[in-house]
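Subject: A structure for you to explore

Hello,

Here is the structure I promised to pass on. Have a look around first, then read on.

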Amino acid sequence: MSVEIIPIPVKLPGPREAQGYSEEHWQTLFALLDAVTPSIVVDSEVTDGRNQLRITEAQCLEAYERTKRNVRNAPSYEKFKEYLGSRPTNSPAYIEQVKRIIGHLPKSAQRDLGRLLTLLNTQVGSLLATGYRVPVKEQPLHVREAILQSWNSSRLNIFFQLGNSFLKMGRLAYTQIDPLFHELNDYTNAVKDYKPGPTFDYKFMQFPAGDKPATIDVDVVIVGSGCGGGFVDKGYYFPPSQLPMTASAAYEFLYESKGLLQTDDQALTVIAGSNWGGGGTVNWSVCLQPQGYVRQEWADAGLGFFKTQEFQHCLDRGNSGRCPQAWVARKSLPTKHEWCGTLLRPMSSRLWLW
Ligand SMILES: Cc1cc2nc3c(=O)[nH]c(=O)nc-3n(C[C@H](O)[C@H](O)[C@H](O)COP(=O)(O)OP(=O)(O)OC[C@H]3O[C@@H](n4cnc5c(N)ncnc54)[C@H](O)[C@@H]3O)c2cc1C
């Protein structure tokens, strides 16, 4: 009998405490997040009128048919209804994940969100922010949904950003941990016939606990251990046997700012690796060749190697799949990303990117 190998699970720490958040704060937050991933149920099957949105059987069937046309392995109608009807805020894992996300926010953002939740719990604050005197947590789901929609379409930037933040938070927590969402998307934590990739015997310096800072005498320090080379890194090393991780563990241990890095205006989310290996540990291994003028620029700066046949030979090996790194990715992680890479390469070639 063959035994299925899976990556060694990495234990997640509990959420960091968000200071000053009372039960009322959490209730208001989850009442809003309920509207991000609402439970949608056919009329005749509604069991909780306050916390479910109702649709007709015909609407449900129409949505199912549309879904079937757009996905590869369509779920059964029963599964589809189960998915629509599920309510993430009933799941302890979802609640923990949201609390983990809040716990990782900068203290100032935590405070601002806390103040907003306090405001939403007062009649005046609620009236100002939502147009209703009744606090959000006491509103039925269809009203909470309408409030979120009005924030998202508001011309006032402050409301737009507010709605956007709740949407992102709810979607992030949901897509990271919801088992039914993963099942319907054919998402698995590891590939079929998973085997960990080869490992390298890194020798890390160990620093015993002590009152004084440790001192190392060196001429140059390269901070960061990404593709650009490295020496010291604030992130941790995980051996191939622990990779890939579950989505929630990966955000916790492998990404900069736990994957929550955004531009100040929240227009862009930046995903960057932060661990031993940096982006190279999490990236898709798609290689595009640098254009002639880029190579020339580097050569002019004294890096003549980039104009040589030898460099071209290295690139050709990478692009034919024989580059050790690309090969490792192919053998150990034959995921959809490989398919993306095979699309990206000829397309960028046509665009004269290389
Ligand atoms: C999901 C994903 C997919 C990608 N796919 C591709 C792809 O297919 N092809 C491609 O060419 N590129 C891809 N990239 C981009 C590529 O991985 C990055 O451009 C590349 O890793 C950048 O290398 P780097 O050495 O500059 O920095 P990084 O790899 O980002 O490494 C920086 C390191 O510095 C550490 N660090 C930061 N600040 C400090 C500090 N103060 N003290 C100590 N350590 C610190 C971080 O922990 C991190 O480990 C992808 C990136 C991601 C996130």
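Below is what I found, starting with the overall picture and ending with a few backbone details.

Please keep in mind that this is a predicted model. The protein has 15 helices and two strands. Of its 354 residues, 19% are buried. If you take the contacts with a separation of 6 or more, 62% of them join residues 24 or more positions apart.

In soluble globular proteins, nonpolar side chains tend to be buried together. The largest nonpolar core here has 24 residues, and those with the most contacts inside it are Leu32, Leu33, Val98, Ile101, Leu148, Met169 and Ala173. Two or more residues each come from H1, helix H4 (92–104), H5, helix H7 (141–152) and helix H8 (157–177). Which of these elements gives the most to this core? That is H1, with six residues. Another core, of seven residues, lies apart from it and includes Phe238, Met245, Ala250 and Tyr251.

Next, a pair of helices. Two packed helices are described by the angle between their axes and the distance between the axes. For helix H1 (residues 23–36) and helix H5 (residues 107–120), the axes come within 9 Å and cross at roughly 85°. H1 and H5 are therefore roughly perpendicular to each other. On the H1 side the contact is made by His25, Thr28 and Leu29, and on the H5 side by Gly114, Leu117 and Leu120. Sorted by class, this contact has three nonpolar, three polar and no charged residues.

Now for the ligand. There are 23 residues around it, and Gly224, Gly226, Gly228, Gly278 and Gly279 come nearest. What classes do the residues of this shell fall into? Eight are nonpolar, 13 are polar and two are charged.

You will find Ser225 in the loop between helix H9 (179–184) and helix H10 (247–254). Is Ser225 buried or exposed? Ser225 has 23 C-beta neighbours inside 10 Å, and 20 or more count as buried, so Ser225 is buried. Although Ser225 and Gly278 are 53 residues apart in sequence, their C-alpha atoms are 5.7 Å apart in space. Beyond the neighbours within four places in sequence, Ser225 is in contact with Gly230, Asp233, Trp276, Gly277 and Gly278.

Finally, some backbone details. Most residues other than glycine have a negative phi, and most peptide bonds are trans.

- Leu243 and Pro244 are joined by a cis peptide bond, with omega about -5°. Pro244 lies in the loop between H9 and H10.
- Asp193 is not a glycine, yet its phi is positive, near 55°. The loop between H9 and H10 holds Asp193, which counts as exposed because it has 9 C-beta neighbours inside 10 Å.
- Ser257 is not a glycine either, and its phi is positive at about 50°. Ser257 sits in the loop between H10 and helix H11 (279–282). With 15 C-beta neighbours inside 10 Å, Ser257 counts as partly exposed.

Enjoy exploring, and do write back with any questions.

Best wishes

Notes: Residues numbered from 1 in each chain as written. Predicted model: local features only at pLDDT ≥ 70, side-chain atom pairs only at ≥ 80, totals over all residues. Near = placed C-beta within 6 Å. Nonpolar A, V, L, I, M, F, W, Y, C, P; charged D, E, K, R; others polar. Axes fitted to C-alpha atoms, helices over the stretch in contact; angles between N-to-C directions. Helix = DSSP H or I, 4+ residues; strand = E, 2+ residues; numbered from the N terminus. Parallel < 35°, antiparallel > 145°, perpendicular 65-115°, else oblique. Contact = placed C-beta atoms within 7 Å. Buried ≥ 20, exposed ≤ 12 C-beta atoms within 10 Å, placed from the backbone. Core = buried A, V, L, I, M, F, W, Y, C linked by C-beta atoms within 7 Å.
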